[in-house]
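The following paragraphs lead the reader through selected parts of a protein structure. Please keep the sequence and the model in view while reading.

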Amino acid sequence: MMKVPAGFARLLATENIMVRLDPSAPTASFDVENRVLTMPNWDTSEHLRDMLIGHEVAHAIFSTGDLMEHVRNVGDSFAIAKDYLNVVEDARIDRLIQRRYAGLRRDYAVGYREMIEKDFFGIGDVDPASMNLLDRINLHFKHYDGIEFAADEQAFVDRIDRIETIEEAVEVARDLYNYCASLESEQDEQQDGSAPAEAPVMEGDEGDAGSNGMNENADSDQDGDSGDDAGEAKAEGGDSPDVAGDSPAGVGEGETDADGPAAAGEKGGREHGNVPAGSETLRAMEKSVEDMADRTTDIHTYRIPEANLDRIIITHDEILGMDRRGGRTMNTATEDFIGNSRTTVSNLAMLFERKKAGAINARTQIAKTGRLDMTALHKYKMTEDIFLRNRVEMKGKNHGMIIFVDWSGSMGDCMSETIQQTIVMAMFCKKVGIPFRIYGFTTYVRGGAHAWNNDPRDTHWNVNHEGNTGIRDLNVTTFSLLELFTDRMKKTAFDEMVNLLLTSAAGGMYYNTPACLGLGGTPLNEAILAGIPVAERFRKENRTDVLNTIFITDGEGNNVIDAYGDIVINDQKTGRVYDFGRGDRFGSAWALDIYKDRIGGNLIGFYLASKKAALRDIYYNAPNGQSDRLQEQFKKNSYVSMPKNGYDTYFLMDKKIAFYTGSDAMDSIGDDASLTKAINAFRKDLGNRNASRPMLNELTDRICKEMV
């Protein structure tokens with residue numbers, strides 16, 4: 001599993017970077033162009049891990065510009081110059097990231113202590129005083145105690161401690177490179193007997209002489225002071241370099257011969273035929289961090305492709321305008337359904353308004369005004385409560401509702417009840433004035449038949465299969481959202497859609513039905529992911545405070561994760577990174593988690609099924625030890641509310657009761673019916689009412705939970 005909280009890196013970066021966990025990566029790196037932070041799966045303590053993440057994010061924030069060019073401006077030997085810039089730049093960005101995020105200071109303190117205790121720097125029994133200047137500077141800024149510096153060396157330490165910009169870091173690294181190169185040259189000259197005995201001698205490794213030759217003809221600094229390159233000796237003079245005792249800013253600023261190497265623009269150390277030693281402690285630390293990564297786990301990183309809603313959504317006008325058999329006039333069954341449903345809709349509306357009023361009243365405050373109540377002055381000896389009061393009422397929040405209905409073949413045996421439930425919910429929203437959208441999700445594609453495996457590139461999703469960042473897109477397919485009802489429909493269009501859906505349901509969803517209403521596959525995951533921008537647009541248009549999202553479905557959708565192993569999904573909009581185990585790649589709980597985090601509000605699931613199918617679902621999916629209790633509850637009430645990953649509330653409901661529509665069995669008996677038949681019809685209606693009422697109470701409780 002993922003041991004690095006990638007979301008933490010995004011939060012620190014404060015930008016829309018992508019975070020990729022790659023167990024095969026030798027070290028962390030940041031792709032400046034694509035804004036991708038790649039990190040190994042470090043297996044270490046929390047403090048050291050957060051320190052390393054903070055360090056890499058600091059590079060993303062503060063290490064700007066062309067880093068390759070920065071290294072070339074430090075010295076001729078690219079490999080060695082890189083060491084010098086790394087040491088100086090790491091000290092700068094570590095200070096800046098801790099200044100920006102004070103909470104990281106403890107992580108840095110504890111993290112460096114752990115690195116020292118585990119000998120990340122490869123010191124062993126070596127006396128740090130015997131190391132070269134670059135290594136000692138590196139250890140000093142890695143919180144290694146007891147590092148001592150001579151006066152001219154301390155000046156470099158002080159300069160590094162004041163650096164704010166990358167340009168200053170390059171300048172100090174170049175001066176340090178040249179200074180150390182001059183010490184190497186003096187050591188060589190002393191060994192040859194040509195240097196004064198008092199010339200400073202620095203111990204250290206030889207450096208990569210074979211890496212020189214880069215930028216040998218580079219121009220001098222823009223200020224025209226060619227003497228700015230440190231380590232320049234006077235021609236034939238053999239004198240030691242002119243070093244300012246209190247500030248390395250003056251390194252190399254003494255007089256030089258115009259014909260010397262510095263005048264030709266060569267970097268420090270070239271006139272002596274060598275380069276300074278690199279940093280052994282830096283290389284040891286990089287190796288230790290590399291060895292710390294866990295490479296035993298396969299981690300696959302995904303991103304969410306952008307949905308093309310103009311292609312995905314088929315509007316209600318398009319649906320009503322499609323060819324279909326039969327007439328378009330409203331039939332008697334539709335008129336009866338609409339009339340009989342008014343009872344259910346009114347009951348729902350009353351429950352909603354009553355609980356809305358109760359929620360507002362519970363938040364009502366009575367506040368003293370500070371002004372005397374003249375009608376209560378005569379009570380001043382008995383009570384101090386003689387001041388006028390104000391009643392402060394909390395205003396209710398703006399609610400909205402989006403419903404997604406499964407339009408798959410497996411819903412066929414309960415599609416009629418599902419459509420009735422959907423229509424009742426649309427009528428309820430219209431009754432109480434809640435903005436709403438109701439969509440069916442289907443594998444049907446506009447202008448054709450059902451598309452099971454079509455490539456969605458450049459059509460329904462903005463998919464990038466060939467990205468070179470190591471982050472793949474979720475394997476989404478083409479699908480459609482059928483816009484069945486909205487609060488902005490005209491009454492004639494609303495009634496026509498009701499008639500169309502009921503007629504289609506009566507024909508088994510295949511006869512007298514537009515092609516788009518034919519049942520197909522179950523693109524549930526695609527519907528959830530595309531539902532995110534749908535909901536975002538809905539909230540913006542309606543200024544919705546609390547959004548209730550309902551998914552009516554009978555099971556899981558298509559698998560859009562096509563890799564095996566541990567899964568990491570980046571939500572590039574919120575910066576969250578979702579870590580899933582090997583088994584969690586199936587199902588839709590992960591997609592619902594992303595929807596919930598992005599949209600908020602209430603996320604409610606409805607599953608209409610036969611009694612047998614519902615009991616089987618409870619048996620397999622109920623929490624441990626609760627299966628028997630929930631099955632008994634379902635048998636008694638014909639519905640159950642049970643936990644299900646991803647949903648705030650999940651209703652499993654016998655399709656026979658659905659929402660009680662008010663179509664009384666009493667209405668279906670004739671005037672000449674026997675007393676026994678009338679009594680049985682009354683009992684049936686009463687049973688349906690009693691079965692629906694607890695579920696309606698629980699549903700409206702959930703909807704009204706965040707009313708104020």
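A residue is called buried if its relative accessible area is under 20%. The model discussed here is predicted. By that cut-off Ser408 is buried, because its relative accessible area is 1%. Ser408 belongs to the loop that lies between strand 9 (399–406) and helix 13 (415–432).

Which residues are in contact with Ser408, leaving aside its neighbours within four places in sequence? They are Leu519, Gly520, Gly521, Thr522 and Asp554. With Thr522, the side chain of Ser408 makes a polar contact of 3.2 Å.

Gly520, one of the residues in contact with Ser408, is located in the loop between helix 14 (491–506) and helix 15 (524–542). Gly520 also counts as buried, its relative accessibility being 14%. Along the chain, Gly520 and Trp407 are 113 residues apart, yet a separation of 6.7 Å is found between their C-alpha atoms.

Four strands form an open sheet in the order 12-4-15-16, and their pairing is mixed. Strand 12 (472–473) and strand 16 (577–580) each have a single partner strand and stand at the edges, so one side of each has no neighbour in the sheet. Strand 16 runs antiparallel to strand 15 (residues 566–570), and 4 bridges join the two. Within this pair, Val568 stands opposite Asp579 of strand 16. Helix 16 (residues 589–599) packs on the sheet, where it touches strand 15 and strand 16. The direction of helix 16 makes about 160 degrees with that of strand 16.

Terms used:
Residues numbered from 1 in each chain as written. Predicted model: local features only at pLDDT ≥ 70, side-chain atom pairs only at ≥ 80, totals over all residues. Heavy atoms only, no water. Pairing = 2+ DSSP bridges. Contact = heavy atoms within 4.5 Å. Axes fitted to C-alpha atoms, helices over the stretch in contact; angles between N-to-C directions. Buried < 20%, exposed > 50% of the residue type's maximum accessible area, 1.4 Å probe, protein only. Polar contact = N/O pair within 3.5 Å; in protein donor to acceptor, adjacent residues only side chain to side chain.
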